[in-house]
Amino acid sequence: MAKDILKQLGQNTWVLEGPTNIGFIENNGKVYLIDSGNDKDFGRRINKLLKEKGWSLEAVVNTHSNADHIGGNDYLQRNLDCEIYSSAIESAFVEYPELESAFLWGGKIIKDMDNKFFKAKSSKVTKIIDTDSTICDGLLKTIAIPGHYFNMIGIETPDKVIFLGDCIFGENILEKYKIPFIYDVKAYKETLEKIKNIQADYYV
């Protein structure tokens, strides 16, 4: 596997690009992650990068509770004793991942689809965060961007970088899947209008 490389977007903001983009917000050697990828392998990769940089992990801030955004939580929490931050309703899905598969399929997931793409490992949410507020001692700002999922949040860093979760899909994703999953179409359209008016240097 090729060496993971962090792309720097600002003085304190990095991103590990991939199927799920993972943000690294560093402050005096301490890091807040934005999402954690879809499994323990992502957790290991993140841990390796942290060691290379000499950083310690304070918390993972989940934009929402889809498996590909929370899948590394369990590994990181068990091995690095980090906190997990989530908005209220999403936290239930983080702690009880079978809720996602039950919600998506209308019942218990069938064996052939019971995998990391639809059901992450459970992790313990240690802090419920409000939308449209500041967190992490004022370092990060949360932005309510519901629609794709129940109570998804965006995260703005001090470097004017905004992590948007699954608020916007790239052309490659739309070409592959044709119709993305949208929980609330009205809220999603309102969110798209909202982010048009949010100024940032980078949108991830």
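This is a predicted model: local features need pLDDT of at least 70, side-chain atom pairs count only at pLDDT 80 or more; totals for chains, interfaces and linings use all residues.
Residues are numbered from 1 along each chain as its sequence is written, and side-chain values use heavy atoms, leaving out hydrogens and water.

**View 1. Helix H1 packs against helix H3.** H1 (residues 40-53) and H3 (residues 73-80) meet at an angle of about 45°, their axes 7 Å apart; helices (H or I, at least four residues) and strands (E, at least two) are DSSP runs numbered from the N terminus. Axes are lines fitted to C-alpha atoms, for helices over the stretch in contact, and angles run from 0 to 180 degrees between N-to-C directions. The pair is therefore oblique. Look for Lys40, Gly43, Arg44, Ile46, Asn47 and Leu50 of H1 against Tyr75, Leu76 and Leu80 of H3, where contact means heavy atoms within 4.5 Å.

View 2. On a 1 Å grid over the protein atoms alone, a pocket is an open set of points where a 1.4 Å probe fits, with protein on both sides within 12 Å along at least five of seven lines; lining residues have an atom within 4 Å of a point. Of the 36 lining residues, Pro19, Asp68, Asp166, Phe169 and Ile173 are the closest to the centre. H2 (67-70), H5 (98-105) and H6 (171-177) each give two or more residues, and H6 gives the most, with four.

**View 3. Asp132 and its neighbours.** Asp132 sits in the loop between strands E7 (127-128) and E8 (134-135). Leaving aside residues up to four places away in sequence, Asp132 touches Thr142, Ile143, Ala144 and Lys194. Asp132 and Ile143 are eleven residues apart along the chain, with their C-alpha atoms separated by 4.5 Å.

How values were computed. Angles under 35 degrees count as roughly parallel, over 145 as roughly antiparallel, 65 to 115 as roughly perpendicular and the rest as oblique.
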